[in-house]
Amino acid sequence: MFSDTLIQSIRDQFHHVDSCPYQGPRIFFENAGGSLTLKSVVRVNAGLSAIPDNQGRDNPASKAMGSIIDKAKQDIKTFLGVTQGQLFIGETGTECLFRVIRAAVMGAASGGQVLGSTLEHPATVSACKRWAAVTGKEYVAVPHNLETANVSAEDYQRFVTADTRVATIIQTSPVTGRLVDVPAVVNAIRAVAPDCLIIVDGIQHVPHGALHVENYDVDAYAVSAYKVYSRHNYGIGWVSHRLESLPHDRLEGTPENYWEMGTRDAAAYACFSEVVSYLDWLGARFSDSENQRQRLMAASKAIAAHENHLLDVMVNGNEKHNGLADIPGVSIIGGTDNEHREGVLAITVENVESAKVVSQLSENGIRVHLRTNDRYSGNILNPLGLESCIRISIAHYNTADEVEYFLKVMKSITKT
Ligand SMILES: Cc1ncc(COP(=O)(O)O)c(C=O)c1O
């Protein structure tokens with residue numbers, strides 16, 4: 001867990017940590033919906049938004065925009081842990097996923113299947129279904145395990161075939177918080193379909209954990225900037241050396257492996273450099289390494305340790321408070337085991353509508369999210385016969401005091 005001094009220094013670097021400009025004082029447990037934003041991101045974004053120049057011209061402002069983009073690309077590569085392939089910025093994480101899935105499915109050999117899982121967000125599922133139908137491939141979804149609310153390598157193993165052309169994997173579920181063992185799933189797929197193009201939706205994992213994208217042996221990875229301390233309105237896609245040159249939407253005259261579309265928003269890139277620079281700062285509290293990647297890994301490790309502690313208090317309680325597991329009437333989707341969970345808990349309260357719990361928490365200054373049986377959460381709720389649940393999602397800038405207060409309020413809500 002972070003020391004009191006460090007957590008304060010961390011919190012000082014984010015906007016609206018303990019108060020909402022529209023609601024007043026509040027605890028922010030809606031991080032899976034979108035993280036808090038770094039103050040440096042807002043500052044840099046505002047400054048660069050005022051610059052009219054684009055890259056690619058012979059003037060100092062244009063050259064500066066070019067350098068900002070080049071630096072950010074290097075920062076993002078270090079952050080993702082990739083040395084090859086192409087990076088591009090798209091409108092959202094969803095848009096990046098649609099683009100890479102479209103290129104993969106259209107570019108893969110004819111016939112065969114596109115494989116995903118029922119744990120996935122509709123961003124990957126919708127794109128896979130659409131492009132599988134267009135190309136005459138079968139779309140197959142590996143059913144996730146209802147008890148653990150996760151999907152495993154063994155689950156994939158049962159459905160992968162030698163003609164699985166494209167496969168998608170969600171790294172962390174935005175509803176259950178379950179962390180999928182991506183390398184194990186990739187091994188299971190590659191053992192049967194070695195040339196399968198594999199796409200990972202890392203959008204919910206990125207704010208919580210270490211990134212070793214190159215080690216995963218996959219072909220594409222997607223990040224959503226507003227989930228990882230940056231701002232709305234852009235996602236980041238990475239495509240492997242193998243996928244980068246498959247036919248894809250591109251302006252004539254650009255290199256075959258070029259994925260950027262149109263005039264670049266230098267501010268979006270610069271904002272991500274600020275994210276990396278913040279994580280670098282955090283990592284330097286835990287590592288003396290001269291190597292930036294090592295410091296980023298140290299930050300990841302420290303974030304995971306802090307968040308795991310918060311999740312442990314939330315579920316199992318401490319000497320002062322019962323955890324959710326011991327509050328009568330509360331059930332946690334996927335069970336009380338936190339081992340493969342990142343930052344997110346989905347709960348129900350017996351005989352109390354989830355919407356009511358969410359509004360009572362809000363009245364007590366705690367922001368969480370109501371998840372209903374819709375296109376975003378139906379895949380998790382439907383098979384459990386649930387109409388709704390309450391999602392509580394933490395980040396590394398949350399504190400044990402906030403968790404304790406939440407537990408106190410939950411106890412009073414469930415009592416009444
Ligand atoms: C796992 C996952 N994938 C994809 C998305 C879509 O990301 P975006 O909002 O950037 O389109 C989300 C958003 O919550 C998500 O949690």
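This is a predicted model: local features need pLDDT of at least 70, side-chain atom pairs count only at pLDDT 80 or more; totals for chains, interfaces and linings use all residues.
User: Which residues are around the ligand?

Analyst: They are T92, G93, T94, H121, A123, I170, P174, D201, I203, Q204, S224 and G235. A residue is near a molecule if its C-beta atom, placed from the backbone, lies within 6 Å of it.

User: How do you know whether the radius of gyration of the chain agrees with that of a compact globule?

Analyst: The radius is taken over C-alpha atoms, and the globule rule is 2.2 Å times the number of residues to the power 0.38. For 416 residues this gives a value near 22 Å, and the chain has 22 Å, so the two agree. The C-alpha trace spans about 65 × 50 × 40 Å along its principal axes.

User: Which residues of helix α2 are called buried, and why are they said to line one face?

Analyst: A residue is buried if 20 or more other C-beta atoms, placed from the backbone, lie within 10 Å of its own, exposed if 12 or fewer, and partly exposed in between. In α2 (residues 39-49), S40, V41 and V44 are buried. Seen down the axis, the buried residues of α2 fall within an arc of 100 degrees, so they line one face; the arc is that of the directions from the helix axis to the C-beta atoms. R43, A46 and S49 are exposed on the face turned away from the buried side of α2. Helices (H or I, at least four residues) and strands (E, at least two) are DSSP runs, numbered from the N terminus.

User: What makes domain 1 and domain 2 touch, and how many residues are involved?

Analyst: Two residues are in contact if their C-beta atoms, placed from the backbone, lie within 7 Å. By this rule, 35 residues of domain 1 are in contact with 28 residues of domain 2. On the domain 1 side, α10 provides the largest share, nine residues. The bounds, 4-37 + 292-415 for domain 1 and 43-277 for domain 2, come from an automatic or database domain assignment.

Note on methods. Residues are numbered from 1 along each chain as its sequence is written.
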